[in-house]
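This briefing covers charged side chains and their pairings. Please have the sequence and the structure open while reading.

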Amino acid sequence: MTETLPDRLSTDPKSPHYDADLLARGIGIRFKGVEKTNVEEYCVSEGWVRLAAGNAKDRFGNPMTVKLKGPVEPYLRDVAEE
């Protein structure tokens, strides 16, 4: 089954690009050909990801992020591995 993933997706519930059902299924991100596990948000068409910057938090308790540009490849993880 081939399913197209959204162009932009965020893990922040306050974001308009948040999709709980899709995130529960498991999304993997390859950025510049390397698997990333700390992605907070991505946009394929604009070619960027927001990565959590360590354990640092902003004044609202949200993770501090760094925006990096490059090729982004989202994919559905195989849930059967668990």
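Is Arg8 buried, partly exposed or exposed? Arg8 is partly exposed, at a relative accessible area of 29%; buried means under 20% relative accessible area, exposed over 50%, and partly exposed in between, with a 1.4 Å probe and protein chains only. The model is predicted: local features need pLDDT of at least 70, side-chain atom pairs count only at pLDDT 80 or more, and totals for chains, interfaces and linings use all residues. Residues are numbered from 1 along each chain as its sequence is written, and side-chain values use heavy atoms, with hydrogens and water left out.

**Salt bridges**

- The structure contains 3 salt bridges, a salt bridge being a side-chain nitrogen of Lys or Arg within 4 Å of a carboxyl oxygen of Asp or Glu.
- Side chains of opposite charge can pair when their charged atoms come close.

**Arg8 and Glu41**

- Arg8 is joined to Glu41 by a salt bridge, with 3.0 Å between the closest N and O atoms.
- This pair links distant parts of the chain, as Arg8 is in strand 1 (residues 8-10) and Glu41 in strand 4 (residues 39-43), 33 residues apart; strands (E, at least two residues) are DSSP runs, numbered from the N terminus.
- Glu41 is buried, with a relative accessible area of 12%.

**Arg30 and Glu73**

- A salt bridge connects Arg30 and Glu73, whose closest N and O atoms are 3.5 Å apart.
- Arg30 belongs to strand 2 (residues 27-31) and Glu73 to strand 7 (residues 72-76), so the pair ties together parts 43 residues apart in sequence.
- Arg30 is partly exposed at 32% relative accessibility, and Glu73 is partly exposed at 37%.

**Glu35 and Arg77**

- Glu35 and Arg77 meet through their side chains in a salt bridge, at 3.2 Å from N to O.
- The two residues are 42 residues apart and link distant parts of the chain, with Glu35 in strand 3 (residues 34-36) and Arg77 in the segment after strand 7.
- Glu35 has a relative accessible area of 33% and is partly exposed; Arg77 is partly exposed at 37% relative accessibility.

**Surroundings of Arg50**

- Arg50 is located in strand 5 (residues 48-57) and counts as partly exposed at 27% relative accessibility.
- Between Arg50 and Glu40 there are 5.5 Å in space, C-alpha to C-alpha, and the two are 10 residues apart in sequence.
- Neighbours within four places in sequence aside, Arg50 is in contact with Asn38, Val39, Glu40, Glu41, Thr65, Val66 and Lys67, where contact means heavy atoms within 4.5 Å.

Conventions
Helix = DSSP H or I, 4+ residues; strand = E, 2+ residues; numbered from the N terminus.
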